[in-house]
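Me: Could you walk me through this structure, one feature at a time? I am new to it and would like to learn how to read what I see.

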Amino acid sequence: MNISTGLLEFLASRTKRTWEPDEDLFASGVVSSLFALELVVHLEKAYGVEVEGEYLSLENFRTVNAMEKMVLELQAATP
Amino acid sequence: MIAVLGAGVMGTGIATLAVGHGLAVTLVDIDADKLAAAKDAVRHQLRGAKLMGRMPRSGPTGELTCTTSLADVAGATSVIEAVTELPELKAKVLAEVSALVEPGTLILTNTSAIPVDELASSTVRPEDVAGAHFMNPPYLIRMVEVIRGPRTGDAAMDAARSLLDSLDHDHVTVGDGPGFVINRILQRTINEAARIVEEGLASPAEVDALFEGCLGHRTGPLATADLIGLDNVADSLRVLRDRTGDAGYAPCELLLAKVRDGDFGRKTGRGFYEHGGQS
Ligand SMILES: NC(=O)c1ccc[n+]([C@@H]2O[C@H](COP(=O)([O-])OP(=O)(O)OC[C@H]3O[C@@H](n4cnc5c(N)ncnc54)[C@H](O)[C@@H]3O)[C@@H](O)[C@H]2O)c1
């Protein structure tokens, strides 16, 4: 399963609604910065990356596409 | 390196605050399990604070060393004491640490209610001791209630201010006395709120909804109590009752029952509210 499909499934199960890959998760008010922390933990477990430093910006969690882009970058940077 | 004594709710949060601002921290507890949990919690809290934009994202993170040996703090530039709110225990820990560190090393106590001068009496140099009552969680709430005891020296006050500056925290300095400003009022409020629930006049959610809706408090007194930890609330109330002689501070039966049942609030998953597992 590719990253965005996996994330859309995770979000649907946690928020009880469906999302579009480019939909703003925070604008809806359904997703809070606390939930973003849960997303960090999920991304680390599911994709074997470490989200630290400059990556810990809400902008990287605003859409499923943004999260996918970040995970791909982090995976590419991991030897 | 700064020393933080006690790796509970507050010691862990203070460690997060300090390492997030690049200071090396030695965190001490007698309970190795608490230290192991604190290590994970600090990492989690750091990331949360950064995500919320409440902590610098760039810049170095201070090193966190966890230890059960108090002797490891001998070289500390300042000490923040955050062990359990039991007067004899704090007196013992403060006496030990003050004998270990260099003269002139700032010793801050994060006590909720024990007068600073009473605690300073157990140390080798009362002039090095001041109070810094951090709010919970310390890495998100920037204001600190600083307490100057009657024997606190100018050097200690300067050191306290510069430490808080380096943590990007604000403070208000007040005089010494049981509960200082915040807890002389807050603990009493929590106790009355619990008594109201005990008497069946309102549910915890109703009490809190009134404080939030009518008075604009962000969190009502009973949700606040769950955040603090009901064991700590009961300890603080006993300290206040014993030192003021005011029976209104005696922890009410409902509060004592919850503590007896191990329902401490967020840290155990249940208090006045259910918290869905530990958090
Ligand atoms: N919880 C709050 O919201 C809050 C807010 C401000 C101040 N405080 C105060 O901060 C202090 C700590 O409170 P807390 O809520 O973190 O309590 P806590 O029960 O979560 O943690 C206290 C820790 O101290 C440890 N400890 C006990 N004896 C020790 C010793 N001899 N040496 C080292 N560690 C020892 C315990 O193992 C425990 O991990 C108390 O004085 C409390 O009144 C608490």
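Reply: Gladly! Please keep in mind that this is a predicted model. Let's begin where the two chains meet: between chain A and chain B, four residue pairs are in polar contact, both residues having pLDDT 80 or more. On the side of chain A that touches chain B, the residues divide by class into nine nonpolar, three polar and four charged.

Me: How many salt bridges are there between chain A and chain B?

Reply: There are four salt bridges between these chains. One of them pairs A:Glu44 with B:Arg47, and their closest N and O atoms are 2.4 Å apart.

Me: How is the size of an interface often given?

Reply: It is often stated as the accessible area that is lost when the parts come together. Here, chain A and chain B bury about 1100 Å² between them, and 61% of this comes from carbon and sulfur atoms. On the chain A side, A:Leu37, A:Glu54 and A:Leu56 lose the most area, together 45% of what that side buries. Counted by residues, 16 of chain A are in contact with nine of chain B.

Me: Is A:Ser57 buried or exposed?

Reply: A:Ser57 counts as buried because its relative accessibility is 14%, and the cut-off for buried is under 20%. A:Ser57 sits in the loop between helix H2 (33-47) and helix H3 (64-77) of chain A. Leaving out residues up to four places away in sequence, A:Ser57 touches B:Leu51 and B:Arg57.

Me: What do nonpolar side chains tend to do in soluble globular proteins?

Reply: They tend to be buried together. In this model, the largest nonpolar core has 40 residues, and B:Leu5, B:Val79 and B:Val97 touch the most other members. Elements giving two or more residues to this core include strand S1 (2-5), helix H3 (87-100) and helix H9 (230-244) of chain B. The largest share, five residues, comes from H9(B).

Me: Where is a cis peptide bond found?

Reply: Look between B:Asn136 and B:Pro137, where omega is about 0 degrees. B:Pro137 belongs to the loop between strand S6 (129-134) and strand S7 (143-147) of chain B.

Note on methods. Residues numbered from 1 in each chain as written. Chains lettered and ligands numbered in written order. Predicted model: local features only at pLDDT ≥ 70, side-chain atom pairs only at ≥ 80, totals over all residues. Heavy atoms only, no water. Contact = heavy atoms within 4.5 Å. Buried area = accessible area lost by both parts, 1.4 Å probe. Salt bridge = Lys/Arg side-chain N within 4 Å of Asp/Glu carboxyl O. Polar contact = N/O pair within 3.5 Å; in protein donor to acceptor, adjacent residues only side chain to side chain. Nonpolar A, V, L, I, M, F, W, Y, C, P; charged D, E, K, R; others polar. Helix = DSSP H or I, 4+ residues; strand = E, 2+ residues; numbered from the N terminus. Buried < 20%, exposed > 50% of the residue type's maximum accessible area, 1.4 Å probe, protein only. Core = buried A, V, L, I, M, F, W, Y, C linked by side-chain atoms within 4.5 Å.
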